[in-house]
Amino acid sequence: VTMGRIIFYEDRNFQGRSYECMSDCSDMSNYLSRCHSCRVESGCFMVYDRPNFMGNQYFMRRGEYADYMSMMGMRDCIRSCRMIPMHRGQFRMRIYERENFGGQMYELMDDCDNIMDRYRMSDCMSCHVMDGHWLMYEQPHYRGRMMYLRPGEYRSFRDMGMGGMRFMSMRRIMDM
């Protein structure tokens with residue numbers, strides 16, 4: 001498993017106190033009073049603007065984010081982060097039109113930039129990730145707000161605090 005490494009800084013341009021993270025961190029306010037820049041040295045991470053992996057989510061790959069709030073249109077500081085393990089092998093996910101795996105079902109093994117075009121599916125309200133790690137996007141062509149999914153059953157996106165969000169495209173998180 002490729003290890004990830006991310007360093008958070010209190011101020012823009014990698015200034016101020018820093019905190020280094022190589023795994024999940026559910027509440028960064030234990031280490032930094034604020035966070036305005038970060039550097040992903042290896043791996044990929046999801047970052048969240050609320051503790052405990054809640055709130056808006058953003059995907060960060062290797063690189064420097066000197067002022068991520070303006071770069072990514074974030075309103076709030078990063079409060080928690082999750083390391084994404086790199087998956088080798090096949091990707092497989094079933095998406096369902098309704099909650100609790102109801103309605104139409106389609107199985108994906110690769111990226112889908114528009115479920116409406118590909119499957120005539122106007123909604124995706126639950127899913128089952130069998131293999132790999134995925135990003136779901138609110139709009140077609142991998143735009144808008146996103147949600148990170150690891151292998152597991154997701155019976156209701158609404159119950160996950162994603163109320164009002166519809167997912168129209170999904171992409172595999174591959175080794176970058």
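1. Helices (H or I, at least four residues) and strands (E, at least two) are DSSP runs, numbered from the N terminus. The model is a predicted one, in which local features need pLDDT of at least 70 and side-chain atom pairs count only at pLDDT 80 or more, while totals for chains, interfaces and linings use all residues. Residues are numbered from 1 along each chain as its sequence is written, and side-chain values use heavy atoms, with hydrogens and water left out.

2. Residues 43–85 are 12% helix and 51% strand, with end C-alpha atoms 8 Å apart.

3. An open sheet is formed by 4 strands in the order β9-β8-β10-β13, with antiparallel pairing. The edges are taken by β9 and β13, each of which has a single partner strand, so one side of each is left without a neighbour in the sheet. On average, neighbouring strands of this sheet are turned by 15° against each other, direction ignored. Such angles are taken between axes, which are lines fitted to C-alpha atoms (for helices over the stretch in contact); angles run from 0 to 180 degrees between N-to-C directions.

4. Two strands count as paired if DSSP finds at least two bridges between them. Strand β8 (residues 92–98) and strand β10 (residues 126–131) run antiparallel and are joined by 5 bridges. In this pairing Y96 stands opposite S126 of β10, and I95 stands opposite C127 of β10. On pairing in the antiparallel sense, β10 and strand β13 (residues 152–154) share 3 bridges; here V129 faces G152 of β13 as its opposite residue. Strands of a sheet pair through backbone hydrogen bonds, either parallel or antiparallel.

5. A search of the whole structure finds 17 salt bridges, a salt bridge being a side-chain nitrogen of Lys or Arg within 4 Å of a carboxyl oxygen of Asp or Glu. One of them joins the side chains of E107 and R94, at 2.8 Å from N to O. E107 lies in strand β9 (residues 102–108) and R94 in strand β8, so the pair ties together parts that are 13 residues apart in sequence. E107 is partly exposed at 32% relative accessibility, and R94 is partly exposed at 27%. Buried means under 20% relative accessible area, exposed over 50%, and partly exposed in between (1.4 Å probe, protein chains only). A network of salt bridges links R92, R94, E107 and D131.

6. A further salt bridge connects E99 and R158, whose closest N and O atoms are 2.7 Å apart. E99 lies in the loop between β8 and β9, and R158 in the loop between β13 and β14 (169–172), so this pair ties together parts that are 59 residues apart in sequence. E99 is partly exposed, with a relative accessible area of 22%, whereas R158 is exposed at 52%. The side chains of E138 and R145 also meet in a salt bridge (3.1 Å, N to O); R145 is partly exposed at 38% relative accessibility.

7. Q57, in strand β5, is buried at 9% relative accessibility. A polar atom of the Q57 side chain lies 2.8 Å from the backbone nitrogen of Y148. Leaving aside neighbours within four places in sequence, Q57 is in contact with M46, V47, Y48, M146, M147, Y148 and M162, where contact means heavy atoms within 4.5 Å.

8. Two loop residues deserve a look at the backbone. N52 has a positive phi of about 60° although it is not a glycine; N52 lies in the loop between β4 (44–50) and β5 (54–60) and is partly exposed, with a relative accessible area of 48%. H141 likewise has a positive phi of about 60° and is not a glycine. H141 is placed in the loop between β11 (134–139) and β12 (143–149) and is partly exposed, with a relative accessible area of 44%.

Methods: Polar contact = N/O pair within 3.5 Å; in protein donor to acceptor, adjacent residues only side chain to side chain.
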